[in-house]
Amino acid sequence: CLRHCYNYWELQGVRQLRPHFLFGHIFKLKSVHLSELLQETYDAFKGKSRVAGTYLFLRPIAVVTDLDLVKAILIKDFNKFVDRSNTPLNLPENPLAGHLFNLHGEEWRALRTKLSPTFTSGKIKYMFSTITGVAQQLEETFEQEVSEAGSTLELHDLLGRYTVDVIGSCAFGIECNSLKDPQAQFRVLARKLFANQKRNVRWNLFKVNYMKLLLRLHIKMRTFDQEYTDFFLRLVRDTVELREREKIRRNDFMDLLLDLRRTDQKMGLSVEQLAAQVFVFFIAGFETSSSNMSYALFELAKNRSIQQKLREEIRRVLQVHGKLTYEAMMEMPYLDQVINETLRKYPALASLTRVPSEDYKLPSDEGYESDGHIVLERGIKVHIPVRAIHYDPEIYPEPHEFRPERFEAAACQQRHPLAFLGFGDGPRNCIGLRFGRMQVKVGLITLLSRYRFSLPPDGPKELAISNKNLLLVPGEGVRLRVDRLQTNSRDECK
Ligand code: HEM
């Protein structure tokens with residue numbers, strides 16, 4: 001029977017790597033991150049076939065190895081690839097799971113259409129001053145933590161507290177205060193949420209892949225502990241009541257969702273649906289952004305001339321504008337390049353997934369006559385191996401080098417438009433892209449204009465990928481030496 005399962009791809013005429021006899025390729029997850037498994041398949045078959053097969057437990061998954069096919073799946077033929085997975089959501093048990101990232105088909109489409117106006121630059125701009133307010137607290141925290149002679153700090157935790165406070169403020173309109181108080185409720189909850197995942201990476205993958213079976217066996221599946229569900233539902237219910245009663249307006253995500261509820265009776269967002277949306281803004285927004293900032297500072301500490309070039313851009317623009325304004329932030333192209341290069345090396349989602357809603361025959365392509373017969377069956381999980389693409393030396397020469405110049409406009413035009421997937425692409429890309437970038441930029445500008453970052457002599461020269469988390473996060477934290485800068489001083493090496 002196992003041999004039969006593991007012949008799935010061969011029977012479809014698709015090339016495959018030989019799987020472990022019982023666990024497919026999942027067995028290796030004890031030592032390797034899922035993205036590295038996908039990389040193995042990508043490296044073995046790229047250029048030979050547009051799709052290759054592999055297995056998670058007993059389940060066959062397809063790995064795309066060609067950027068034109070990536071484009072077809074994410075953009076051109078999107079209507080056949082709307083969903084990320086076919087995992088049932090079991091909403092009565094897990095009301096918080098009914099959010100944009102998870103929803104399927106028409107339900108997703110209706111909600112995305114309604115929520116998109118919430119994330120335009122115009123709306124996001126209103127939240128700029130809230131973010132700079134939190135950045136001010138980040139600065140005060142650094143003032144306390146960095147001694148006159150310089151200090152070595154663990155930055156991933158500090159930056160996690162910054163992004164928790166930003167999201168808490170912009171999504172719920174509450175002051176989380178985790179920068180001032182690391183034991184603040186939101187921070188503790190956020191840490192537990194991710195700590196839970198850390199314990200169980202294989203179990204989580206199993207749940208995601210076998211939810212239908214577990215439900216059929218009446219095994220109760222909660223995606224999150226009751227504690228989180230109760231906390232978020234109560235918080236949202238209280239906030240809604242308070243705002244409606246006191247007619248409070250803060251121009252944050254909560255207000256925008258409440259506007260939607262009022263103006264669109266058909267949409268009729270229930271408290272559970274509202275809570276699910278703010279919950280996904282919370283989980284999708286804080287760890288991705290704090291990891292991106294931590295990785296960026298690590299690379300800048302390693303590459304001091306790049307750090308100095310970026311600092312000069314920041315100081316020049318701030319001098320012209322007098323202070324950090326939204327317009328000033330938008331005039332820093334090198335900062336954008338640094339953020340993109342960081343996401344290239346450390347994409348938060350190391351693979352994107354889509355599931356065809358009907359059998360999908362690969363479009364004809366002269367370069368790949370031998371795989372024109374391949375059909376991706378309805379319901380099969382298709383992985384787009386983002387990290388493998390970002391480390392492909394034919395696309396990004398010397399991929400382990402950190403080079404923001406790769407994202408100059410002229411260089412981008414030379415590449416395939418789907419060669420960078422840090423925020424995904426197509427109609428189901430990251431809806432919070434502008435907001436995420438804004439909080440990362442404000443944080444980096446605040447820190448780089450006042451502090452110099454370098455690698456501590458006893459610190460690692462590379463950051464290990466944590467194999468305990470489905471997101472790509474610095475598992476062991478990011479320890480850097482931080483020194484105060486005199487206003488306008490250069491970042492001279494000591
Ligand atoms: C640096 C920060 C961030 C990164 C790197 C990031 C990355 C991503 C990626 C790769 C996806 C999947 C896209 C795809 O499948 O094509 C995604 C989806 C999503 N992101 Fe983000 N994200 C970030 C910040 C945020 C923020 C701040 C929010 C909310 C405020 C957010 C909300 C979402 C949501 C709701 C989805 C699902 C969209 C849908 O299915 O329609 N993200 N993000």
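I started with helix 14 (residues 304-321), which has 18 residues and reaches 26 Å from its first C-alpha to its last, close to the 26 Å expected at 1.5 Å a residue. I note here that the model I am reading is a predicted one.

**Entry on helix 14.** Which residues of helix 14 are buried? I found Gln307, Leu310, Arg311, Ile314 and Val317 to be buried. They lie on the same side of helix 14, because they cover an arc of only 135° around the axis. On the face turned away from that buried side I found the exposed residues Ser305, Arg316, Gln319 and Val320. I then looked up what covers the buried residues of helix 14, and the list includes helix 13, helix 15 (326-329), helix 16 (333-345), helix 19 and strand 8 (451-454). After helix 14 comes Gly322, whose phi is positive, near 85°.

**Entry on the ligand.** I counted what lies around the ligand and noted 26 surrounding residues, the closest being Gly285, Gly424, Cys430, Gly432 and Gly436. The elements that give two or more residues to this shell are helix 13 (271-302) and helix 19 (433-448). Which element gives the most to the shell? Helix 13 does, with seven residues. By type, I sorted the residues of the shell into 14 nonpolar, nine polar and three charged.

Cys430 lies in the loop between helix 18 (409-414) and helix 19. Is Cys430 buried or exposed? Cys430 counts as buried because it has 20 C-beta neighbours inside 10 Å, and 20 or more is what the cut-off for a buried residue asks for. When I left aside its neighbours within four places in sequence, I found Cys430 in contact with Phe423, Gly424 and Gly436.

**Entry on two loop residues.** Lys247 has a positive phi of about 50° although it is not a glycine, and Lys247 lies in the loop between helix 11 and helix 12. Lys247 counts as exposed because it has 6 C-beta neighbours inside 10 Å. Glu398, likewise a residue other than glycine, has a positive phi near 45°, and I found Glu398 in the loop between helix 17 (386-390) and helix 18. With 7 C-beta neighbours inside 10 Å, Glu398 counts as exposed; the cut-off for that word is 12 or fewer.

**Entry on the whole chain.** Last, I stepped back to the protein chain, in which there are 19 helices and nine strands. Of its 494 residues, 40% count as buried. Among the contacts in the protein chain with a separation of 6 or more, 75% are accounted for by residues 24 or more positions apart.

Terms used. Residues are numbered from 1 along each chain as its sequence is written. This is a predicted model: local features need pLDDT of at least 70, side-chain atom pairs count only at pLDDT 80 or more; totals for chains, interfaces and linings use all residues. A residue is near a molecule or strand if its C-beta atom, placed from the backbone, lies within 6 Å of it. Helices (H or I, at least four residues) and strands (E, at least two) are DSSP runs, numbered from the N terminus. Ala, Val, Leu, Ile, Met, Phe, Trp, Tyr, Cys and Pro count as nonpolar, Asp, Glu, Lys and Arg as charged, and the others, Gly among them, as polar. Two residues are in contact if their C-beta atoms, placed from the backbone, lie within 7 Å. The expected span of a helix is 1.5 Å times one less than its number of residues. The arc is that of the directions from the helix axis to the C-beta atoms.
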